[in-house]
Amino acid sequence: MISRRLKNSASQIALFLFLGLIALAQLFPLIWLFNYSLHKSGNLFGKAIMELPSPPQWVNYAKAWTNGRIVQYFSNSVFVVGISISLIMIFSFMLAYACSRMKWKWRSSVFTIVLLGMVIPIHTTLLPNFIWFKQFGLINTHLGIIIPYIAFNMAFSVLMFIGFLQSLPYEMEESAYMEGAGLRMILLKIIAPMAKSGFVTVGIMAFLNCWNEFIMANTFLATESKRTLPFAIIRFEGQYSSDYAVQFACMIIVAIIPIMIYFIFSKRIIAGVTAGSVKG
């Protein structure tokens, strides 16, 4: 009995050490980035991988805030991401309901086409979308990046919602039909409240995807007044030299909100993804 307990304790310690190393490997780039953001740009290329700055250059954050146009880009990001998340949740919820709880002829075919969005690389769509958006006057507009943000998040969001919707009982829905409730009433008053966890999970995942997106924004947005927060980072890149320390400080500022949201809602994200994958 004692030997078995010692064996279990040794296994747990080994597991904790292994997980601790993985966590450290994941966090080290962020720690390294914060450390270098407090140096002078001329002191970044020494022999040491990491060393404490003396004194810390907090002024780098002030330069990043003012010269990086953080406030303007942040406002644009909030507008674009807010609308994108709202429409992603609405459209994916309705499509997931149609594919999981309604019977119609082309249901399987439509669901398969929607899931194809998970395997199409963003890079292959940039040129065709640019040509189409130019035809419709959507280049350099926020609508021009809201549309692809919605499209590229639909597949995963629909899959998540289907996992939640398939776990809900049909009895309340059938009772509402028998009492004369319409589809809109059933969706808004019965199904949507029961799928609240699904909305939270889909909303958080869509936020993380849209907030950090740069490739499509860099392709479809041309003027400073329309650009989103990731553009603040490249403002410190020059043709022959870059202010790396201020650029690293800008990266930290841009990353703070997604990191905070992840830590606040990490339990909901893990629970939602696990529930969706198991039930789906």
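Analyst: Packing here rests on contact, meaning heavy atoms within 4.5 Å, and helices (H or I, at least four residues) and strands (E, at least two) are DSSP runs numbered from the N terminus. The model is a predicted one, in which local features need pLDDT of at least 70 and side-chain atom pairs count only at pLDDT 80 or more, whereas totals for chains, interfaces and linings use all residues. Residues are numbered from 1 along each chain as its sequence is written, and side-chain values use heavy atoms, with hydrogens and water left out.

The residues of α8 that are buried are Ile 186, Leu 187, Ile 190, Ile 191 and Ala 192. Buried denotes under 20% relative accessible area, exposed over 50%, and partly exposed the range in between (1.4 Å probe, protein chains only). The spacing within this list may be read against helix geometry: an α-helix has 3.6 residues a turn, so residues three or four places apart point the same way. The length of α8 can also be checked. Helix α8 (residues 183-194) has 12 residues and, at 1.5 Å a residue, should span 16 Å; its end C-alpha atoms lie 15 Å apart, which agrees. The expected span is 1.5 Å times one less than the number of residues in the helix.

Apart from neighbours within four places in sequence, Ser 84 is in contact with Ile 146, Tyr 149, Ile 150 and Cys 210.

With neighbours within four places set aside, the contacts of Thr 228 are Tyr 73, Asn 76, Ser 77, Val 80, Ile 145, Ala 217 and Leu 221. Thr 228 and Val 81 are 147 residues apart along the chain, and their C-alpha atoms are separated by 9.5 Å.

Ile 261, in helix α12 (residues 244-279), is in contact with Ile 204 and Phe 207 once neighbours within four places are left aside. The C-alpha atoms of Ile 261 and Lys 226 are separated by 24 Å, at 35 residues along the chain.

Lys 40 lies between α1 (2-37) and α2, and its contacts beyond four places in sequence are Gln 57 and Ala 245. From Lys 40 to Pro 53, 13 residues on in sequence, the C-alpha distance is 8.4 Å. In α2 itself (residues 59-67), Asn 60, Tyr 61 and Ala 64 are buried. Their arc around the axis is only 100°, which puts these residues on the same side of α2; the arc is that of the directions from the helix axis to the C-beta atoms. Just after α2, Arg 69 takes a positive phi of about 50°. Asn 140, in the loop between α5 (123-135) and α6, is not a glycine either, yet has a positive phi of about 65°.

The cysteines form zero disulfides, a disulfide being a pair of cysteine sulfur atoms within 2.5 Å. The sulfur of Cys 250 is too far for a bond, since the closest cysteine sulfur, in Cys 210, is 20 Å away. Cys 250 counts as buried because its relative accessibility is 0%, and Cys 99 counts as buried at 10%.

For the chain as a whole, the secondary structure comprises 12 helices and zero strands. Buried residues make up 37% of the 280 residues. Of the contacts between residues at least 6 apart in sequence, 74% join residues at least 24 apart. The radius of gyration is 24 Å, whereas a compact globule of 280 residues would have one near 19 Å; this radius is taken over C-alpha atoms, and the globule rule is 2.2 Å times the number of residues to the power 0.38. Along the principal axes, the C-alpha atoms fill a box of roughly 75 × 75 × 30 Å. The chain exposes about 17000 Å², of which carbon and sulfur atoms supply 68%; accessible areas come from the Shrake-Rupley method with a 1.4 Å probe, and for residues only the protein chains shown count as cover.
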